[in-house]
Amino acid sequence: MTTVGVAQEAINIVSPNAIIEYGDTKYGWLGDMPVVKFDNRKLLNTGWSCKLTGIQAIRKTIKELIEVI
């Protein structure tokens, strides 16, 4: 899922009428990294496996954050 996809999910749950405004730089803020790649082989080699898809995890996190705000 892209950053825009995460932002859109947050908007859908928190404020459906909000609009994403795009800038003209390749990064979002000072120090932001436009591309990050992770290697999860060590984690998977421990026997760990995902219980949620990426989108399910994002939605769950957003909803849980709303509960504590």
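1. Buried means under 20% relative accessible area, exposed means over 50%, and partly exposed lies in between (1.4 Å probe, protein chains only). By that rule, buried residues are 7% of the 69 residues in the protein.

2. This is a predicted model: local features need pLDDT of at least 70, side-chain atom pairs count only at pLDDT 80 or more, and totals for chains, interfaces and linings use all residues. Residues are numbered from 1 along each chain as its sequence is written, and side-chain values use heavy atoms, with hydrogens and water left out.

3. The protein has three helices and zero strands. Helices are DSSP runs of H or I with at least four residues; strands are runs of E with at least two. The order along the sequence is α-α-α. The radius of gyration, 15 Å, is well over the 11 Å that the globule rule gives for 69 residues, so the protein is more spread out than a compact globule. That radius is taken over C-alpha atoms, and the rule is 2.2 Å times the number of residues to the power 0.38. The C-alpha trace spans about 40 × 30 × 20 Å along its principal axes.

4. Where is phenylalanine 38 placed? Phenylalanine 38 sits in the loop between α1 (3-14) and α2 (41-45). Phenylalanine 38 counts as exposed because its relative accessibility is 78%.
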